[in-house]
Amino acid sequence: MAQGADFGTGIAPAQSISALIDAGIVRLEAPAIDRQIQPASLDLRLGKTAYRVRASFLPGPGQTVRERLDSVLIHAFSLEDGAVLETGCVYLVPLLESLDLPPDVQASTNPKSSTGRLDVFTRVIADGVRGFDVLPPGYQGALWAEISPRTFPVLVRTGSRLSQIRFRRGHVGLDEAEMRALQDAERLVDTDQPDLRDGISVTVDLSGLGGKHMVGYRAKRHTGVIDVDNVNGYAVEDFWEEVSARDRTLILDPGEFYILASREAVHVPPAYAAEMVPFDPLVGEFRVHYAGFFDPGFGHVASGGRGSRAVLEVRSHEVPFILEHGQTVGRLVYERLAALPERLYGADLGSNYQAQGLKLSKHFRVG
């Protein structure tokens, strides 16, 4: 096994992910590309073929994704020269990465930040697994991306990166006392006496920016196609309209997609990573934040941050729902890294969302 592949207790940092690749624990169908390895995660790349399917599914114990595919397949098409994925459709794409995990290492996946901010619903499924986005200890086999654009049609190609994966060994979470000590030492969030039970409480900012009433963006319908690999390629006004909240409340219309921001500026110290999770799974009226991974160094002063707002990707479900300023919308759960990463999220990686406020995805031109 390559040196560093046997990382200690915690989330694998970038150098350990490189060692996992060298050891064949993470198998690559094509060589890794620049910046594919993030401070505490690995970007996953789309393969050569996409399969449009009638419905989402899980293969379940004893079955592979490919064995189940024929029963739901509508048609297959190549991604090698690029192809458009239409809104309201469900696609399966095998990934260029597969796994041969040790029995004491598990992994989880999440959409990348830019994927979530385009309202592209994506999750990873695997052979014989009962749930989405979770790879159990010792998993051996292929990885597939399920992709369903909800608002904008998107152009993707072989090698496009919509999802990311983290690797964990042992217990990595923090209890309330440990969270309190970390807050006192590092100031994880810029509020006094934050709620630190089961992570940091994250609330929505509907106060208006700079004394104005504008609080976010709502996606337009019937737009053009967005190339997921085209950075700074699109005018904001062609895809988004500004949303105001004069009385510090916002009514979410069912089926509409909103980009809002957290009231808090958050900080992820170098020895930790974080993940946004629902604050209460029983509150099913709206969904917040498709993309949940926060890398070590997010909002960290030494890597170009000053505390960064969490951008919230919000969608209401069946009925209109009133959001109020300061309402809790999620929790930021912190986890230990097995070692300090070689590089932090921020300027040295060309990270798109360091020191962000309310910010759309990297695809849209600023100013």
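## Strands and cores in a predicted model

Leu 85 stands opposite Val 154, a residue of strand 12. This is a predicted model, where local features need pLDDT of at least 70, side-chain atom pairs count only at pLDDT 80 or more, and totals for chains, interfaces and linings use all residues. Residues are numbered from 1 along each chain as its sequence is written, and side-chain values use heavy atoms, with hydrogens and water left out.

Strands here are DSSP runs of E with at least two residues, while helices are runs of H or I with at least four, both numbered from the N terminus. Two strands pair if DSSP finds at least two bridges between them. An open sheet is built from 3 strands in the order 6-12-16, with mixed pairing. Strand 6 (83–85) and strand 16 (226–227) each have a single partner strand, so one side of each has no neighbour in the sheet.

Now for strand 20 (residues 272–277): 5 of its 6 residues are buried, meaning under 20% relative accessible area with a 1.4 Å probe, protein chains only (exposed is over 50%, partly exposed in between).

| Strands | Bridges |
|---|---|
| 6 and 12 (residues 154–156) | 3 |
| 20 and 25 (residues 328–336) | 6 |
| 20 and 22 (residues 293–294) | 2 |

Finally, the cores. A nonpolar core is a set of buried Ala, Val, Leu, Ile, Met, Phe, Trp, Tyr and Cys residues joined through side-chain atoms within 4.5 Å. The largest has 56 residues, and Leu 143, Phe 167 and Trp 240 touch the most other members. Helix 1 (residues 14–22) gives this core its largest share, 5 residues.
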